[in-house]
Structure formats: structure tokens, C-alpha cells
Amino acid sequence: MLRKILIWVGSILGVLLVVALGSYFFIAHNITNRTEKPYSFPTETLAITADSTTLKRGNHLVVIKGCVDCHGANMAGKVMMDDAPLGRLVATNLTKGKGGLPADYSTSDWLMAMRHGVDRNGRPLLLMPAHETTLLTQPDLTAIIAYCQQLAPVDNVLPENKLGPVVNIMTYLDKMPLLSVEKIDHTHSVVASVDTAEGVALGKYLAISCSGCHRPNFKGGDPLAPGLPPVPNITSTGNVGKWSQEQFIQTLRTGKTPNGHQMSPDDMPWKMTAEYEQKELASLYQFLHSVK
Ligand code: HEC
Ligand code: HEC
């Protein structure tokens, strides 16, 4: 009898294992196809002016858009993660030093990356948030490119990307923005401009950077990955609706909420929001308050 039961249990476990391996094989194959799929988009260019106002704006943007969080404070790239379950994901050295961008990397190549999420050979860029950078205005794209093109060359030769099973599965389930190229409306032309005065329009434009975590409707949702805190609703119907503009700004500068909760910069990137100008934080508040 015992022997029969063991054979039964063993067979069931065996079948489950084969099904699990089969599904994983299918998922890994699917993600490999998608990450290696070649794309082709019309090349575009912009006139880059490198005056001091533009460069200052570019420097501000690479901080508040999180470029430096992934590409490193000097933009010379870094290994963002490297372990067996997740795999290795590497942000490019964006300077012209060793291991960085080729000497002939043009304004069109910058636009290909930021507007379409592919490199100049049409290869999808992994984890690069081009679905957000594609919504930047023409003056902001110009300022970022101008700033990056004059970066001091830094030698930093980095290893290749190598995806692990957790990243494959999360991408398959659409729980991770690995392939921004798939999320972009590629027919959209560059946004000409937005109102740069303090107010709801500017806040809405800046809030694109919050939508990846707080969701496109800013109502929050499940944790972004197992073990992380849930993502709060930051509209008028959440806590933010009860806070004054001053309290909101204080929260985004210090990571400490009016309720006394100290947020970790790894969960909520407040070291990035701390760098926003007063006008930008006030505009974010006014926009989020206008969302019912
Ligand atoms: C969430 C992390 C993250 C953020 C934020 C981010 N990047 Fe990236 N970026 C990456 C990664 C990772 C790659 C490399 C992708 C690859 O090789 O598949 C990359 C690649 C690039 C490339 C392509 C280089 C090439 O090979 O052609 C450019 C250009 C770039 N990023 C610019 C920017 C700029 C400018 C910003 C800020 C507006 C930015 N990135 C923000 C992660 C990020
Ligand atoms: C990388 C993901 C991520 C991004 C990007 C992000 N947030 Fe958050 N945010 C979180 C998480 C997670 C929490 C909850 C942290 C905690 O509970 O400790 C949070 C908390 C907050 C809170 C506190 C809300 C409350 O009810 O206590 C505010 C306000 C906030 N975020 C505003 C913003 C704004 C504005 C932006 C865009 C400029 C933004 N966040 C971008 C992940 C993110």
C-alpha cells in the first residue's frame, strides 16, 4: 500500500515538474525572441545648442528623470543588478570613454534610444524607460542630449546583460517594464512644448515619472515586487488629498510623511524628488489634487 502511494505521489510530482519546466522553457524562449527582435524606425534629428542655460537644464533633467540613478552619478554606467534569480542588468556608459558610446554616436542615435527604446541597430534596450523619455518635450530632449554630449569621458568597461528566470517570468506576466519598445506609440511625433509656469499642466507633464510605480491613474496598487511595500494612491482621494502643499513638498524632500512614516529611498525615490525645484513640486501637488 505504502509503495503504491509513494509511486502515485512521485508520479504526480514528476508530472508537475515536467509541466513547470515546460512552461519555463516556453517563457524563456518567448522573452529571448522579444529581446532579440530587430526594429526599424525612421531616423530623426534635432539642432543641439549647448548654451549655458540649456546645459544647466540638461543637468537638472538627468537628475530629476532618474538617469543618474541608473547610469551612475557621472553617467558612466553601472551594473544595476547581478544575481542568479534576477540575472545581470547593466546601464550603459553614456560618456565617450572606454566602454562608453562610440565616437560617432549621433543626436539621431540619442533620439532612437529615448524616443523608441532601441539602439542605433534597432536592438531593443532592456529596462531603459523609453516609454517615459519618449514623452519629453523637444526643449527637454535637446537639453538632455546637449548635456550628455559634453560629459567628460570616463573609462568604464561593463559586462553584458544576462536575464535571470525571475526577470523572464515578471516580463512575461507584464510585471516589469523590461521592453519599453513594446509600450511606445512609435507614430507619435515629439511633443513640441508644455507650459513651464507653475500649475496643473506642468504637474501633469512631470507626473509621467511617477506613473511607472503609482500607475497611470496615480491610484497606486500592489507592491512592485514581492517584499516591497504597496504603492499608495497619490491623488486627491489618497493621503495626499489631506495634505497641504507644504506637507507634500516636505514629504518629497525628506521622505518623511506628515503621518511620521520615514520612507526608504529604495522604495520611494525621494532622493530624486528632493532635487525637484519648488515650482515643480508645487505643480505636481496641484496636478495630483486635480485627479479625483
Ligand atoms: C531604470 C533605469 C534607467 C533609467 C532611469 C534610465 N536609463 Fe538609460 N538605459 C538603462 C539601461 C539598463 C540601458 C541599457 C539597455 C541595454 O543595453 O539593453 C540604457 C540605455 C540607454 C541608452 C542607449 C545607449 C545605446 O546603446 O545606444 C541611452 C542613450 C540612455 N540609456 C539614456 C538615458 C537617459 C538620457 C536617461 C534619463 C532621461 C536614462 N537613460 C534613464 C537604464 C536606465
Ligand atoms: C520606483 C517607484 C516609485 C516612483 C518612480 C515614485 N514613487 Fe512615490 N512611492 C513609491 C512607494 C513604493 C511608496 C510607498 C513607500 C512606503 O510605504 O514606505 C511611495 C510613496 C509616495 C508618497 C507617500 C504617499 C502616502 O500616502 O504616504 C508620495 C506623496 C509619493 N510617493 C509621490 C511620488 C511622486 C510625486 C512621484 C513622481 C515624481 C513618485 N512618488 C514616484 C514608489 C514610487
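This is a predicted model: local features need pLDDT of at least 70, side-chain atom pairs count only at pLDDT 80 or more; totals for chains, interfaces and linings use all residues.
Local features were considered at a pLDDT of at least 70 and side-chain atom pairs at pLDDT 80 or more, whereas totals for chains, interfaces and linings use all residues. Residues are numbered from 1 along each chain as its sequence is written, ligands are numbered from 1 in the order in which they are written, and side-chain values use heavy atoms, with hydrogens and water left out.

The iron atom of ligand 1 is coordinated by NE2 of His71 and SD of Met128, at 2.0 to 2.3 Å, where donors are N, O and S atoms within 2.8 Å of the metal (3.2 Å for Na, K and Ca). Because the 6 donor atoms subtend angles of 86 to 179° at the iron atom, the arrangement is octahedral, a term that requires opposite donors to be over 155 degrees apart and all others between 65 and 115. His71 lies in helix α3 (residues 67-71) and Met128 in the loop between α4 (107-116) and α5 (130-133), so the pair ties together parts that are 57 residues apart in sequence; helices here are DSSP runs (H or I) of at least four residues. Both His71 and Met128 are buried, that is, under 20% relative accessible area with a 1.4 Å probe and protein chains only, while exposed means over 50%.

Most residues other than glycine have a negative phi. Asp174, in the loop between α7 (165-172) and α8 (200-206), has a positive phi near 60°, and this residue counts as exposed because its relative accessibility is 55%. Phe218, found in the loop between α9 (208-214) and α10 (245-254), also has a positive phi, of about 60°, but Phe218 counts as buried because its relative accessibility is 7%.

Key
Four donors count as tetrahedral if all angles lie between 85 and 135 degrees; four count as square planar and six as octahedral if opposite donors are over 155 degrees apart and all others between 65 and 115; anything else is irregular. Helices (H or I, at least four residues) and strands (E, at least two) are DSSP runs, numbered from the N terminus.
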